[in-house]
Amino acid sequence: MKSFVTMLAVLSGAAALVTTTGGHNEVRRASISQSIGLVLESSTMVDKETTNLSPFLQEMVDEQRELQMDVGKAMDVLRKDYPYFLKRAPDFSIYHDSIKIKDSTGKAQLSKLSSYKNAFYVMRTMISLIYDTDRSVLQNRMVYDSTRTQIRVSFNAMLVPKLGGRPVHVDGISVYSIDSIIRDGEGKRRDKGGKIVEHKIEKMLVNGNAIQPPYFGVFGFAQGAVPAGALAGAGAWS
């Protein structure tokens, strides 16, 4: 009974944020996601007969369950892919077709999954020409920000030149944003979503020196982002 009362209190708080305009329910989903999370926890302790929610709230609870599963899958895939980014193509099944890559200023550098795939291919090709990928190492640390529905990955790559010399260290932070569902301009559900819709590179350093956007210039995707040969051999950075 106590669990049922708790759930009612949470639902009441969530329902208070629902307004009706023009016959359509509008919800500040980000504001009540935490409340829905509490409902999910409480519902496991309440008899099924007492968990009859309105269709609107039930849809939100179901969306949060889907989101939790999608986030778990994305983190598992990223955890498996990151150590091998220098050697093989990652699993692109967790990315949306309209994914965008942005730099720390918020400016989009790439859009569409096809461009995203090509960028990784070019990066691996260029790195393999200059560096020994068998001796190079890529490490990462991953955390999930539930308030923003984002996966943050701090990474460090030690690139060992094929022709000898000091290794080059590339450090950075990538932020992956997941949308539980994709909606059109009117807020109507367009498809299931649950995939990574944005990859933002918050910062990039080469041997401790901060690199300015566009960050893909570090790997030769753009001109003028780093001094010539910055990653091509030892001693280019000190």
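**Strand pairing, core and salt bridges in a predicted model**

In the hairpin formed by strand 5 and strand 6, four residues lie between the strands, and Thr-149 adopts a positive phi near 55 degrees. Helices (H or I, at least four residues) and strands (E, at least two) are DSSP runs numbered from the N terminus. The model is predicted: local features need pLDDT of at least 70 and side-chain atom pairs count only at pLDDT 80 or more, whereas totals for chains, interfaces and linings use all residues. Residues are numbered from 1 along each chain as its sequence is written, and side-chain values use heavy atoms, with hydrogens and water left out.

The protein contains four helices and eleven strands. Strand 5 (residues 137–145) pairs with strand 6 (residues 150–159) in the antiparallel sense over nine bridges; two strands are taken to pair if DSSP finds at least two bridges between them. In this pairing, Val-143 stands opposite Arg-152 of strand 6. Strand 6 is also joined to strand 7 (residues 168–179) by ten bridges, again in an antiparallel arrangement. Here Ala-157 stands opposite Val-170 of strand 7.

Of the 238 residues, 39% count as buried, where buried means under 20% relative accessible area, exposed over 50%, and partly exposed in between (1.4 Å probe, protein chains only). The largest nonpolar core has 36 residues, and those with the most contacts inside it are Leu-78, Tyr-82, Tyr-95, Tyr-116, Ile-151, Tyr-176 and Ile-196. Such a core is a set of buried Ala, Val, Leu, Ile, Met, Phe, Trp, Tyr and Cys residues joined through side-chain atoms within 4.5 Å. At least two residues of this core come from each of helix 3 (55–81), strand 3 (95–102), helix 4, strand 5, strand 6, strand 7 and strand 10 (195–206). Helix 3 gives the most, with six residues. Apart from its neighbours within four places in sequence, Leu-78 is in contact (heavy atoms within 4.5 Å) with Ile-94, Tyr-95, Met-142, Ile-151, Tyr-176 and Ile-196. Across the protein, 55% of the contacts with a separation of 6 or more are between residues 24 or more positions apart.

Five salt bridges were found in a search of the whole structure, each defined as a side-chain nitrogen of Lys or Arg within 4 Å of a carboxyl oxygen of Asp or Glu. One of them joins Glu-198 to Lys-102, with the closest N and O atoms 3.3 Å apart. This pair links distant parts of the chain, since Glu-198 is in strand 10 and Lys-102 in strand 3, 96 residues apart. Lys-102 is partly exposed, at a relative accessible area of 22%. A salt bridge also forms between the side chains of Glu-202 and Arg-152 (2.9 Å, N to O). Glu-202 lies in strand 10 and Arg-152 in strand 6, so this pair ties together parts 50 residues apart in sequence. Glu-202 has a relative accessible area of 29%, and Arg-152 one of 26%. In the pair of Arg-148 and Asp-145, the closest N and O atoms are 2.9 Å apart; Arg-148 is exposed, at 56% relative accessible area, whereas Asp-145 is buried, at 17%.

The accessible surface of the protein comes to about 13,400 Å², of which 52% belongs to carbon and sulfur atoms. Met-126, in helix 4 (residues 113–130), is partly exposed, with a relative accessible area of 31%.

Conventions:
Areas by Shrake-Rupley, 256 points an atom, 1.4 Å probe, with all protein chains shown as cover.
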